[in-house]
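Let's take a friendly look at how charged side chains pair up in this protein. Here is the model to keep beside you as you read.

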Amino acid sequence: MYKNDQRTRLTKMLIRKALTSLLSQKPIQSISIKELCEQAGINRGTFYSHYTDIYDLLEKIEEEMMQDFQSALRPLLASTTDDLTPLKITTGIFECLKNNADLCIVTLGPYGDKRFAARLLDVGRQKCLECYSLQFQGASPKQIEYFYAFVSSGCIGLLEKWLNDGMTTSAAEIAQVAENIMLYGIRFLV
């Protein structure tokens, strides 16, 4: 049983790697099952034993990342206001993004699923609204929405830079940069 589980994980990893590689070159509608299987080094029957088509594959990969992302955000509402910091939140988020770097690169690229990126941002927005409403009781929902819009766009910029640099900096260090920018703005440079 364990050997089959390990083989299944390896096969799915090869298929995912092939898909993200192809998506970095062209849109999903231009990718054939035959081409994907050749890239992954598997036969069509193996592909169809796990997925119904390329769209099903992408949906399942995105859903796995969404679950990871939601797990990374879960501490937001579990923390007390005394120990909740942007650093704790963003470290978990950047770890999740690092673990899904292949999908992040594709999603941010020209052939990425922009609806998926919007879903991730919306989940983050909802959690931040819930959490920051408790932590910053004097802030209006509109202020928190503006804060999230600004910070999430900045974090996407950090993610793109981090990906382009080969993710050589740790997730904790990138989270520290994000926290310093969020808390100190331009004074971060001083």
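## What counts as a salt bridge

A salt bridge here is a side-chain nitrogen of Lys or Arg within 4 Å of a carboxyl oxygen of Asp or Glu. Please keep in mind that this is a predicted model.

## Overall build

The protein has 10 helices and zero strands. Its C-alpha atoms fill a box of roughly 60 × 35 × 30 Å along the principal axes, and 38% of the 190 residues count as buried.

There are 21 positive and 22 negative side chains, with the centres of the two sets 4 Å apart.

Asp-56 forms a salt bridge with Lys-60, their closest N and O atoms being 3.3 Å apart. Both residues lie in helix H4 (residues 54-73), four residues apart, about one turn of the helix. Asp-56 is buried, at 14% relative accessible area, whereas Lys-60 is partly exposed, at 37%.

Arg-16 forms a salt bridge with Asp-102, and here the closest N and O atoms are 2.7 Å apart. Arg-16 lies in helix H1 (residues 2-23) and Asp-102 in helix H7 (residues 101-108), so the pair ties together parts that are 86 residues apart in sequence. Arg-16 is buried, with a relative accessible area of 13%; Asp-102 is partly exposed at 26%.

## The other bridges

The count comes to eight salt bridges. Among them is Asp-113 with Arg-115, whose closest N and O atoms are 3.6 Å apart. Asp-113 counts as buried at 17% relative accessibility, while Arg-115 is exposed at 66%. Asp-122, Arg-125 and Glu-145 are linked in a network of salt bridges.

Technical notes. Residues numbered from 1 in each chain as written. Predicted model: local features only at pLDDT ≥ 70, side-chain atom pairs only at ≥ 80, totals over all residues. Heavy atoms only, no water. Helix = DSSP H or I, 4+ residues; strand = E, 2+ residues; numbered from the N terminus. Buried < 20%, exposed > 50% of the residue type's maximum accessible area, 1.4 Å probe, protein only. Lys, Arg positive; Asp, Glu negative; His and termini not counted. Charge placed at Lys NZ, Arg CZ, Asp CG, Glu CD.
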